[in-house]
Amino acid sequence: MRKAGALVVAAALALPAYAGAQDATAERAFTFEGVNWVSQRAFVESGRRCGTVQHDRETVRAIDTEVEAFLGGRGVEASVTGGVINVYFHVINKGSGIANGDVPDAQIFDQIDVLNDAYAAYGWSFNLVSIDRTTNASWYTLGPGTLTERQAKRALRQGTADDLNLYSANPGGGLLGWATFPSDYNRSPRQDGVVLLYSSLPGGSAAPYNLGDTGTHEVGHWMGLYHTFQGGCIGNGDLVADTPQERSPAFGCPVGRNSCANKPGLDPITNFMDYTDDACMDRFSVGQDARMDSLFTTYRFGK
């Protein structure tokens with residue numbers, strides 16, 4: 001189930017405006033999944049918030065060139081602007097019970113609801129086709145780029161380029177999830193998909209990241225979006241004109257944060273592609289919507 005809008009509003013009203021630092025509460029000692037951190041900043045800077053491998057500048061330019069060439073040849077047909085994405089959900093656990101990662105169907109249904117609520121305004125919906133469960137202690141702790149990730153995905157992945165494969169597991173170290181980009185599919189189709197920390201599903205134990213928006217964030221990558229803070233205060237940032245640039249990832253819910261004071265707009269802390277708490281994020285931008293459409297069309301649609 002999607003978090004209530006009132007929760008976000010209430011949280012925002014209760015927090016002080018940004019005054020040259022992150023939300024003060026986010027600088028206190030932070031415990032996540034039983035691990036103690038000096039602060040939430042330390043947790044975010046450790047790389048655990050998202051393990052998606054970001055493209056370098058050369059790759060970014062090459063992808064955009066490919067997209068422009070592909071869409072330019074389609075004429076008036078251009079990008080698809082939405083549709084139904086079939087979802088295959090793979091539960092990887094080390095035994096029975098939620099403590100071993102064997103999440104119940106109800107949490108999976110709620111995760112799909114969260115995705116549908118997040119993407120509905122942009123024309124996309126998600127249809128849960130199947131759930132399968134695999135007990136494998138080695139795969140359970142898979143990490144990005146590892147042999148266990150390759151083994152698990154080769155064995156479990158279903159569908160084609162425009163089908164979403166979601167994997168829940170326990171990567172360890174508090175890593176919340178990662179995704180492949182649309183442009184990765186042709187090179188490595190069997191590795192395509194999104195991996196989520198099982199306790200980040202709605203109702204899980206991974207507070208403040210347990211409302212399902214790790215899924216929303218990682219599916220955003222799968223649809224072709226970069227982080228809002230990519231590039232910091234210089235360059236083209238996330239290649240989306242209507243997401244204000246920000247110097248670094250936001251965390252907590254720092255209302256009024258303005259880390260690129262010489263650039264227009266406050267930091268997009270409510271955007272799904274930032275690093276704020278689940279209760280703080282609730283939107284994509286118009287430009288992000290257009291980018292998702294163009295990347296999906298180029299690399300996934302009908303492939």
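Which residue in strand 7 is the bridge partner of Gly-177? The partner is Leu-196. This is a predicted model, in which local features need pLDDT of at least 70 and side-chain atom pairs count only at pLDDT 80 or more, while totals for chains, interfaces and linings use all residues. Residues are numbered from 1 along each chain as its sequence is written, and side-chain values use heavy atoms, with hydrogens and water left out.

Strand 6 and strand 7 (residues 194-197) run antiparallel and are joined by three bridges; two strands count as paired if DSSP finds at least two bridges between them. Helices (H or I, at least four residues) and strands (E, at least two) are DSSP runs, numbered from the N terminus. Strands of a sheet pair through backbone hydrogen bonds, either parallel or antiparallel. Here five strands form an open sheet with mixed pairing, in the order 4-3-5-7-6. Strand 4 (124-135) and strand 6 (177-179) are the edge strands, each pairing on one side only. From one strand to the next, the twist averages 20°.

Next come the helices. Helix 4 (residues 105-119) packs against helix 7 (residues 213-222) at an angle of about 55°, their axes 9 Å apart. Axes are lines fitted to C-alpha atoms, for helices over the stretch in contact, and angles run from 0 to 180 degrees between N-to-C directions. The two helices, helix 4 and helix 7, are therefore oblique to each other; angles under 35 degrees count as roughly parallel, over 145 as roughly antiparallel, 65 to 115 as roughly perpendicular and the rest as oblique.

Finally, the structure holds two disulfides, each a pair of cysteine sulfur atoms within 2.5 Å. One of them joins Cys-233 and Cys-260, whose sulfur atoms are 1.9 Å apart. The torsion about the S-S bond of Cys-233 and Cys-260 is about -90°, so this disulfide is left-handed. Both cysteines, Cys-233 and Cys-260, lie in the loop between helix 7 and helix 8 (286-299), 27 residues apart.
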